[in-house]
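Take a look at the chain below. This report walks through its fold one part at a time.

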Amino acid sequence: MIERDDLDMLAAEFVLGTLPVEDRQRVQRLRTTHPELDAQILQWESRLSALNDEIEPVDPAPGLFARIERSIDQLEQASSQHNEVVRLRQQVSRWRLSTAATSIAAMLLIAVMMLEPTPTKSPYVAVFQHNDEQPAFLLTVDLARKQLNIQPVTARPAGNQSYQLWIKDDELGPTPRSVGVLNEHFEVDPAALTNYDAELLRRATFGISLEPRGGSPTGQPTGPALHGFLYPTGEGADTNRL
């Protein structure tokens, strides 16, 4: 049996579109036989639907698509790079849709932090982004169970490098402490925060840095990093950090 807290988090991630494909398909099937889950999903859809009216279209830079097409045409002249041509053409199509989609995702992530969900112990959320760019990662933490979940939003695989999650708080000392290295599926141990006090987690600064494959060799961040704080998503949420 799925607990109510789990249903609320599952429904929120389903509506946000951050679940992996297999998990999303499983939830889609489950909601047909689980009325409470279906109700939770409908509630989240209702809360977030009004944001659609506030999203303005974002146009690409002039001549961008023409430059991309010229690059593809140049690749087509080299038969040995046929697979790369196919990949780039697919990316062009996806890119035309993704600009608006990631803008919607950014607003939905903030909406999850600010809108009032059902009266349960709702998860806390941190958004990792650089200045006004689209979010790269979403971190969800259940403080009651000390469970975490990371979902990539616009982040892409790092090739021969690894993403690493960090936590920093005065109580832990002057330097960040590693929470874990994300694997190729952007996953980290869900129980990695078990030994941390809930109040410390609530006020701590989290960071995700780009490190050599396997993680930082020094025990400290060595590459570029994005930072975020946890925000409550439930009743009485404090939005002063926004």
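The sections below go from the whole chain to single residues.

## The whole chain

This is a predicted model. The protein chain has 6 helices and 8 strands. Read from the N terminus, the elements run α-α-α-α-α-β-β-β-β-β-α-β-β-β.

Of the 242 residues in the chain, 39% are buried. Take the contacts with a separation of 6 or more: residues 24 or more positions apart account for 60% of them.

## An open sheet

Four strands form an open sheet in the order S3-S2-S1-S8, with antiparallel pairing. Which strands stand at its edges? They are S3 and S8 (231–232). Each has a single partner strand, so one side of each is left without a neighbour in the sheet.

Now go through the pairs. S2 and S3 are joined by 6 bridges and pair in the antiparallel sense. In this pair, valine 141 stands opposite leucine 148 of S3. S1 and S2 also run antiparallel, joined by 5 bridges. Here alanine 126 has leucine 139 in S2 as its bridge partner. S1 and S8 pair over 2 bridges, again antiparallel. Valine 125 has tyrosine 231 of S8 as its bridge partner.

## Strand S2, covered on both faces

In a regular strand the side chains alternate between the two faces of the sheet. Look at S2 with that in mind. How many of its residues are buried? The count is 6 of 6. On one side sit Phe137, Leu139 and Val141.

In soluble globular proteins, nonpolar side chains tend to be buried together. The largest nonpolar core in this model has 29 residues. Phe137 and Phe206 have the most contacts inside this core. The elements that give two or more residues to the core are S1 (124–128), S2 (137–142), S3 (147–152), S4 (161–168), helix H6 (198–203) and S6 (205–212).

Phenylalanine 206 is worth a click. Leaving out residues up to four places away in sequence, it touches Phe128, Leu139, Leu165, Trp166, Ile167, Leu193 and Leu201, among others. Its list also includes Leu226, His227, Gly228 and Leu230.

## The second largest pocket

Rolling a probe the size of a water molecule over the atoms shows where empty space is left. The second largest pocket holds about 580 Å³ of space. It is lined by 22 residues. Which of them are closest to its centre? They are Glu13, Asp23, Leu148, Asn149 and Gln151.

Helix H1 (4–16), helix H2 (21–30), S2 and S3 each give two or more residues to this lining. S3 gives the most, with 5 residues. By type, the lining divides into 10 nonpolar, 5 polar and 7 charged residues.

Most residues other than glycine have a negative phi, and most peptide bonds are trans. Two residues are worth checking against that pattern.

Lysine 146 lies in the loop between S2 and S3. In this hairpin, 4 residues stand between the strands. The phi of lysine 146 is near 60 degrees, a positive value. Is lysine 146 buried or exposed? Its relative accessible area is 18%, and the cut-off for buried is under 20%. Lysine 146 is therefore buried.

Phenylalanine 186 lies in the loop between S5 (177–181) and H6. Its phi is near 65 degrees, also a positive value. Phenylalanine 186 is buried too, because its relative accessible area is 10%. What does phenylalanine 186 touch, not counting residues up to four places away in sequence? The list is Phe137, Ile150, Pro152, Ala155, Arg156, Pro157 and Tyr163. Take arginine 156 from that list. Phenylalanine 186 and arginine 156 are 30 residues apart in sequence. In space, they are 9.2 Å apart, C-alpha to C-alpha.

Definitions and conventions
Residues are numbered from 1 along each chain as its sequence is written. This is a predicted model: local features need pLDDT of at least 70, side-chain atom pairs count only at pLDDT 80 or more; totals for chains, interfaces and linings use all residues. Side-chain values use heavy atoms; hydrogens and water are left out. A nonpolar core is a set of buried Ala, Val, Leu, Ile, Met, Phe, Trp, Tyr and Cys residues joined through side-chain atoms within 4.5 Å. Buried means under 20% relative accessible area, exposed over 50%, partly exposed in between (1.4 Å probe, protein chains only). Contact means heavy atoms within 4.5 Å. Two strands pair if DSSP finds at least two bridges between them. On a 1 Å grid over the protein atoms alone, a cavity is a set of points where a 1.4 Å probe fits but cannot get out, and a pocket is an open set with protein on both sides within 12 Å along at least five of seven lines; lining residues have an atom within 4 Å of a point. Grid points are joined across faces, edges and corners, and a volume is the space filled by probe spheres set on the points. Ala, Val, Leu, Ile, Met, Phe, Trp, Tyr, Cys and Pro count as nonpolar, Asp, Glu, Lys and Arg as charged, and the others, Gly among them, as polar.
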